[in-house]
Amino acid sequence: MPHTAHIRSHRKPRRSASTIAVRAGVAGGVLSTLAVAGASGSANAAEPVTQTLELPTLTADLAAQVAQSADATQQAAANYQLQAERDQAAANAAKQAKADLADAKQKAAEAKKKAQEAARKAAAERASRNAERTTLSTTASTDTSTGTATGSAAAVVAFVKAQIGKAYVSGATGPSAYDCSGLVQTAFKQVGISLPRVSQDQSTAGTQVSLSNLQPGDILYWGSAGSAYHVAVYVGDGMFVGAQNPSSGVGEHPLSYDPPTGAVRVL
């Protein structure tokens, strides 16, 4: 046994190459992690700058889109309102048309009723006039009291018969031409009777007499009393003399030729 004891060295044992390599790898990984983290941190730190730069552009686009959307919404609302107004106008027009149609039908019915009533009255008047004409014609042919005129009536009858064949001229009172009232006025002037100038007034100048009781010298009129449009002189035997119109002039005709409406007596 040797006299010197083995003394353990206080020097740290050498690390093996593999241990150093592992530690180097770990250190490198840590450094890499730190580098990545640093890069990420740099990137994150730079991102707000990028967003700050792009924010105005995004805000402007968004505002434009909102404005367009608002315009589209307003236009749609306007279109809906316009369509609603059109629909209401169409409904009002249809309602008014229906009311107008009902009113037109009512007026047409009233007009038809009035026309029918007027037709009935006209038919009744025609029937009455025809009956009166028949009676007048019968009376004229059978009543001997109307055959001969005497006194002033005879003078009037003689005068109007003497004018037969003369011309009809509106407004004329003789001696070569007459109108209807001019002939009557001039005839009665021969016996001292002054008559109004126009037929309307002559038809009310005397006493109204029935057509079935005529005497020579009576004034016949056509139309209603006070608004007569024609006059003549009854000369007896169912005949009258009058200035009829420009084509026939002064002539003598039977009562049936143009039956008068009424008569007045002034003699």
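I looked up lysine 107 and found that it counts as exposed because its relative accessibility is 51%, where exposed means over 50% relative accessible area, buried under 20% and partly exposed in between, with a 1.4 Å probe and protein chains only. Its partner in a salt bridge is aspartate 103, at 3.3 Å from N to O, and I took a salt bridge to be a side-chain nitrogen of Lys or Arg within 4 Å of a carboxyl oxygen of Asp or Glu. Aspartate 103, at 34% relative accessibility, counts as partly exposed. Both residues lie in helix α1 (residues 17-142), four residues apart, about one turn of the helix; helices (H or I, at least four residues) and strands (E, at least two) are DSSP runs numbered from the N terminus.

I noted that this is a predicted model, in which local features need pLDDT of at least 70 and side-chain atom pairs count only at pLDDT 80 or more, while totals for chains, interfaces and linings use all residues. Residues are numbered from 1 along each chain as its sequence is written, and side-chain values use heavy atoms, leaving out hydrogens and water.

How many salt bridges does a search of the whole structure find? I found three. One of them joins arginine 197 to aspartate 179, with the closest N and O atoms 3.1 Å apart. Arginine 197 lies in the loop between α3 and α4 (199-202) and aspartate 179 in the loop between β2 and α3, so the pair ties together parts 18 residues apart in sequence.

In α2, I found Ala153, Val156, Val157, Phe159 and Val160 buried.
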